[in-house]
Amino acid sequence: MGMIEILRLRLFVFGLVFIVDTSVSVPDECQQETIRLRSQLRTLESRVMRQQELIEQFRSQQAEPSLRKDSFVNLGELKDYADCAQIYNDGNKGSGFYMIKPLKSTSKIKVYCDMSDGGGWTVFQRRSDGSEPFERDWDAYKQGFGNMESDNGEFWLGNDNLHYLTSQGDYNLRINLVDFGDNQRYAVYRSFKVSSEQDNYQLAFGKYSGSAGDSLSGSYHPEVQWWASHQGMKFSTYDRDNDRYERNCAREDKAGWWFNRCHSANLNGYYYKGPYSAMTDNGIVWYTWHGWWYSLKSVVMKIRPEDFEPNDV
């Protein structure tokens, strides 16, 4: 239905209103007709409102087709992209799912490209609502898991893929954090790198900047850094214990992560809603912002080459 039809309906509705209003003063035998006309009036008003909603939805989709949610962008088979930075600089500015092929990967992989924060970010972890369990075994974290269909789905891209990506050169890690008051913080680390499975996906990172505090290195207090720093830690899961703790951090804290003894950051922890109490500090924790006993609402971990320069031409 177009705008002309809607205007005609509106004129008809106004006419009905006039009839209904004047019918109040007519004899009793007209009451049934009054009830019928009022029913038609409500039906027509609902129809007009629904048509207007559909028109607005259509206009918004036409205005921003590349930014629609839950979208997969098929760029064809003619060119391989090593990461989302290359996709961005090839003229694809909309966030969404794309196919990439890191240099050491034997096949293409599906990734979510986040084109905010300057563009070109390859997302390897997202927490948003607790819909995906992150208490998984070694093979699950190796291969990756979660919802890779929805633009707000929870997932882990996979440690093998993370190694393939970060072995291509020097990458920055950006972590976006949101609490249950919808306050936002971020942390950026230079020279982020994850080794191969042979080295148990050992973690390395460089200088910190941001607003969330440096929880990964534990530098906020020299007396705890020896057990709280994640620098140089190997990846652990409940069935593959590589931490420095006499027990199993991954089992106690319900996550796969680069644990020390055990952590000052655990972004794969159990999804509580804000402050929590438990036997261990097993929530989604970033110590330098909310401490050990507050679990965050959402997290995005993403990487981009350090020498990235956006091609906005």
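**Figure 1. Glu252 and its neighbours in a predicted model.** Not counting residues up to four places away in sequence, Glu252 touches Tyr245, Arg247, Thr280 and Asn282. The model shown here is predicted. Glu252 belongs to helix H7. Its relative accessible area is 23%, so Glu252 is partly exposed. One of the residues it touches is Arg247. Here the two side chains make a polar contact, at 2.7 Å. Tyr238 sits 14 residues from Glu252 in sequence. In space, the C-alpha atoms of Glu252 and Tyr238 are 8.4 Å apart.

Figure 2. Asn248 lies between helix H6 (225-228) and helix H7 (249-253). Is Asn248 buried or exposed? With a relative accessible area of 12%, Asn248 is buried, because the cut-off for buried is under 20%. Leaving aside neighbours within four places in sequence, Asn248 is in contact with Thr237, Tyr238, Asp241 and Asp243.

**Figure 3. The disulfide of Cys84 and Cys113.** Two disulfides are found in a search of the whole structure. One of them joins Cys84 and Cys113, with 2.0 Å between the sulfur atoms. Cys84 lies in helix H3 (residues 84-89) and Cys113 in strand E2 (residues 109-114), so the bond ties together parts that are 29 residues apart in sequence. The torsion about the S-S bond is about -75 degrees, so this disulfide is left-handed. How accessible are the two cysteines? Cys84 is buried, with a relative accessible area of 0%. Cys113 is buried too, and its value is also 0%.

**Figure 4. The disulfide of Cys249 and Cys262.** A disulfide links Cys249 to Cys262, and the S to S distance is 2.0 Å. Which parts of the chain does this pair tie together? Cys249 lies in helix H7, while Cys262 is in the loop between H7 and strand E10 (265-266), so the parts joined are 13 residues apart in sequence. About the S-S bond, the angle is -90 degrees, and the link is left-handed. Cys249 counts as buried, at 0% relative accessibility. Cys262 counts as buried at 10%. With bonded cysteines counted along the chain, the disulfides follow the pattern 1-2, 3-4.

Figure 5. Rolling a probe the size of a water molecule over the atoms shows where empty space is left. How many cavities of 30 Å³ or more does a search of the whole structure find? The search finds one. The largest cavity has a volume of about 30 Å³. Its lining is made up of Leu173, Phe192, Leu203, Leu216, Trp257, Trp258 and Met301. By class, this lining has seven nonpolar residues, with no polar and no charged ones. Among the lining residues are Trp257 and Trp258. Leucines are there as well, including Leu173 and Leu203.

Technical notes: Residues are numbered from 1 along each chain as its sequence is written. This is a predicted model: local features need pLDDT of at least 70, side-chain atom pairs count only at pLDDT 80 or more; totals for chains, interfaces and linings use all residues. Side-chain values use heavy atoms; hydrogens and water are left out. Helices (H or I, at least four residues) and strands (E, at least two) are DSSP runs, numbered from the N terminus. Buried means under 20% relative accessible area, exposed over 50%, partly exposed in between (1.4 Å probe, protein chains only). Contact means heavy atoms within 4.5 Å. A polar contact is a pair of N or O atoms within 3.5 Å; within protein, one must be able to donate a hydrogen and the other to accept it, and residues adjacent in sequence count only if both atoms are side-chain atoms. A disulfide is a pair of cysteine sulfur atoms within 2.5 Å. On a 1 Å grid over the protein atoms alone, a cavity is a set of points where a 1.4 Å probe fits but cannot get out, and a pocket is an open set with protein on both sides within 12 Å along at least five of seven lines; lining residues have an atom within 4 Å of a point. Grid points are joined across faces, edges and corners, and a volume is the space filled by probe spheres set on the points. Ala, Val, Leu, Ile, Met, Phe, Trp, Tyr, Cys and Pro count as nonpolar, Asp, Glu, Lys and Arg as charged, and the others, Gly among them, as polar.
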